[in-house]
Amino acid sequence: MKRKLILLFLFLGVTLAKAQVEGITQRPFGKNRVQFKEFDWRMKTSPNFEVYYYDYGSGIADFAIVYAENEFNRITNLLGHNPSNKTKLFIYNSLTDLQQSNVGLENENSRTVGGQTNFIKPKIEIPFTGSLFEFKKELSFGIAQIFTNEMMYGGSIREILKNGALLSLPDWFMPGVAAFTAEPWSSEMDDYMRNAIFYRQLKSPHKLAAKEAQWVGHSIWNYIAIKYGEINISSILNLTRIVRDEKIAISSTLGLPYEVFIEEWQNYYKEIAKKAKEDYEKLEYDKRIKNNNPKQKIYNDVKINAEGRFVAFSENRNGRFRVIVKDLERNRKKVVFRGGFRMNSQRINENTPLLAWSDDDKLAILYTKKGQTNFKLLGINGKKRKILEHRTFAFFNNPTSLDVSADATHLLVSSDRTGSAGVQAGMNDIYLYNIPNQSMKRISSDLYDDKDAVFVGKFNNQIIFSSNRLADSLNVPPGNFATILDNYDLFLYRPDSSSNRLERLTNS
């Protein structure tokens, strides 16, 4: 009887410890992600990774596996840790597909901006979101987070259970080092720190959570690298794993009290923010569209019509969005369209819906519904909106920008495309779609990210777009991950010309 009681207590202890480590919480029976299609997974392997992909994803899987292997030595050297097993990368052709997948659903609470990670099993889910440069950052972030988790908690179940019960780290610690490893400096981190200093009290790092904790953690590791050298990062991580206290590890490694270190970190970013404030003048505005944002809604697209009277903008809250048109003359606003569905525990697509004005009272909307891209042209003049055009595009996968001609006959879409023979996921190009004829012309076709395409000229007969391509031409070499950079310039294209030559407007 005593032996049975001992075994029962051991079983309960292991179960509770495992639940604590994995972050498992009680979930309603039958919880599932909404699925609109099936995934036929295939695998490619390399010395350190297993890459899983599905329809039309072979090309981006090749890109991922080559880039991941190239990053392997850099990340392991920076962290001072080599993983014990191969890391599994699940590559999705779009964020919409990731939202449908049930892979790793048992560990929802471990999701971050770099996809979903699970440190019980070395597995990362990464979606392609319409930019190969951003895809590179997501891969680096996910890999760094997996390696850091294994470094801190171990690779086996026994080590994880033991270290999970004894080691409790603040929310900024590991996501911050993963973000720093993926991108030593980022504009998001810099913007957050500057705004936190001037517009609200900079909280203690230990009181933050979610994205705020990651940005602050990013800034802390960035400060350590600048002030004390990157070599101290691996020393702090290893000492934290041994002494099980990040404050002691930082203090012992850097040779100063932890409170003094935090004060120095704050002063460093205060000086940067002060200099930025002195160098720039505050923008003046004529009208304020929104006074506050207590529910943390995302405003991804704001468009003004040619007359300057109407402003259209979108509000996205956890995946559920509204398109609002405000009349600046009458100071009235109305909701002209609603869509999406709420996803409280999933990563949402912050880039949808996309908006564009055709003329003064025709508004184009590009959005996702049931896994497909939809287009609507609305007439908003009058008390009720009127649907003038409606199309469903099965082949537009990750639209990043939209424009519509003044006569509402042509769409200009920057997007990835799948669903047809010979087309692979992972190529964000520009497409010109004729609405009356339902025909499409592909303007660019390469690995470089072509975004923000708009019609210009008296008759909308020219196109300006932003691209990180290296050559002033549509015919460029295939390229590889080393040539995909975050350096965008403006190019002018004339669709009526038979030449593939582009006119470079900027060279920054």
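Helices here are DSSP runs of H or I with at least four residues, and strands are DSSP runs of E with at least two, numbered from the N terminus. By that rule, V243 is found in helix α9 (residues 231–243). Please keep in mind that this is a predicted model, where local features need pLDDT of at least 70, side-chain atom pairs count only at pLDDT 80 or more, and totals for chains, interfaces and linings use all residues. Residues are numbered from 1 along each chain as its sequence is written, and side-chain values use heavy atoms, with hydrogens and water left out.

**Surface patch**
- V243 counts as partly exposed because its relative accessibility is 35%; buried means under 20% relative accessible area, exposed over 50%, and partly exposed in between (1.4 Å probe, protein chains only).

**An open sheet**
- Four strands make up an open sheet in the order β19-β20-β21-β22, with antiparallel pairing; two strands pair if DSSP finds at least two bridges between them.
- At the edges are β19 (450–456) and β22 (503–504), each of which pairs on one side only.
- Strands β20 (residues 462–467) and β21 (residues 489–493) pair in the antiparallel sense over five bridges, and I463 stands opposite Y493 in β21.

**Salt bridges**
- The whole structure holds 26 salt bridges, each a side-chain nitrogen of Lys or Arg within 4 Å of a carboxyl oxygen of Asp or Glu.
- One of them joins the side chains of K44 and D62 at 2.5 Å, N to O. K44 lies in strand β1 (residues 42–45) and D62 in helix α2 (residues 58–79), so this pair ties together parts that are 18 residues apart in sequence.
- Another links R347 with E138, with the closest N and O atoms 2.7 Å apart. R347 is in the loop between β10 (332–339) and β11 (354–357), while E138 is in helix α4 (residues 132–153), 209 residues apart. E138 counts as buried, at 9% relative accessibility.
- K303 forms a salt bridge with D301, the closest N and O atoms being 3.6 Å apart. K303 is partly exposed at 26% relative accessibility, whereas D301 is buried at 10%.
- D40, R42 and D55 are linked in a salt-bridge network.

**Aromatic rings**
- There are 32 aromatic pairs: rings of Phe, Tyr and Trp (its six-membered ring) pair if their centres lie within 6.5 Å, and planes under 30 degrees apart count as stacked, over 60 as edge-to-face and the rest as tilted.
- F39 and Y92 have ring centres 6.2 Å apart and planes at 85 degrees, so they are edge-to-face. Both F39 and Y92 are buried.
- F337 and Y367 form a tilted pair because their planes are at 55 degrees, with centres 4.8 Å apart. F337 is in strand β10 and Y367 in strand β12 (residues 362–369), 30 residues apart.
- One aromatic cluster is formed by F39, W41, Y52, Y54, F90 and Y92.

**Charges over rings**
- K44 also lies over the face of Y53, at 5.1 Å from the ring centre; the rule asks for NZ of Lys or CZ of Arg within 6 Å of the ring centre and within 35 degrees of the ring normal.
- The charged end of K451 sits over the ring of Y488, 4.5 Å from its centre.
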